[in-house]
Amino acid sequence: MINKLDFLLIEPSLDWEKDRYIKIGMRVEKDIPIRESPRIAAGYMLSVLKKHGYKAQFISMAHEGVSVEGLLNHIKDKKPSLIGMTAFTFQIPIVGKMANIIKAQFPEIPICVGGCHVTSLPLQT
């Protein structure tokens, strides 16, 4: 049985272990996480999509420990109709690489990017 997704939203990482280590390193106290929760915009989008009957999922690759290979297997399994990625300015190169990796295996799936960088500088992105 295929558990098809309408939307797969991703906070990408090419090296989840390194990115998780960096996030943990930002903590003021080792047992108090900061900047480790999903972005609120992703939560809003998931809420609206689910309210209107769409099957949607969010994956933070660093937070959830998902490798690039693991993400590609997940995409193969879930067959999303659309993939969305979010990015701050410093993550734009990562998003570009991740989009190319995904497109190489799943050219039929549209990919869109959101976040403050692409909203502010859409043509330059």
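1. Tyr54 has a relative accessibility of 41%, so Tyr54 counts as partly exposed (buried is under 20% relative accessible area, exposed over 50%, partly exposed in between, with a 1.4 Å probe and protein chains only). The model is predicted: local features need pLDDT of at least 70, side-chain atom pairs count only at pLDDT 80 or more, and totals for chains, interfaces and linings use all residues. Residues are numbered from 1 along each chain as its sequence is written, and side-chain values use heavy atoms, without hydrogens and water.

2. The whole structure holds two aromatic pairs (ring centres of Phe, Tyr or Trp, the last by its six-membered ring, within 6.5 Å; planes under 30 degrees apart are stacked, over 60 edge-to-face, the rest tilted). Phe7 and Tyr54 are edge-to-face, at 5.3 Å centre to centre and 75 degrees between the planes. Phe7 belongs to strand β1 (residues 7-11) and Tyr54 to the loop between α2 (40-51) and β2 (56-60), so this pair ties together parts 47 residues apart in sequence. Helices (H or I, at least four residues) and strands (E, at least two) are DSSP runs, numbered from the N terminus.

3. Phe88 and Phe90 are stacked, at 6.4 Å centre to centre with 15 degrees between the planes. Phe88 is partly exposed at 35% relative accessibility, while Phe90 is exposed at 57%.

4. Which residues of α2 are buried? They are Ala42, Leu46 and Leu49. Down the axis of α2, the buried residues fall within an arc of 70 degrees, so they line one face of the helix (the arc is that of directions from the helix axis to the C-beta atoms). The face turned away from the buried side carries the exposed Ile40, Tyr44 and Lys51.

5. Just after α2, Gly53 has a positive phi of about 90 degrees.
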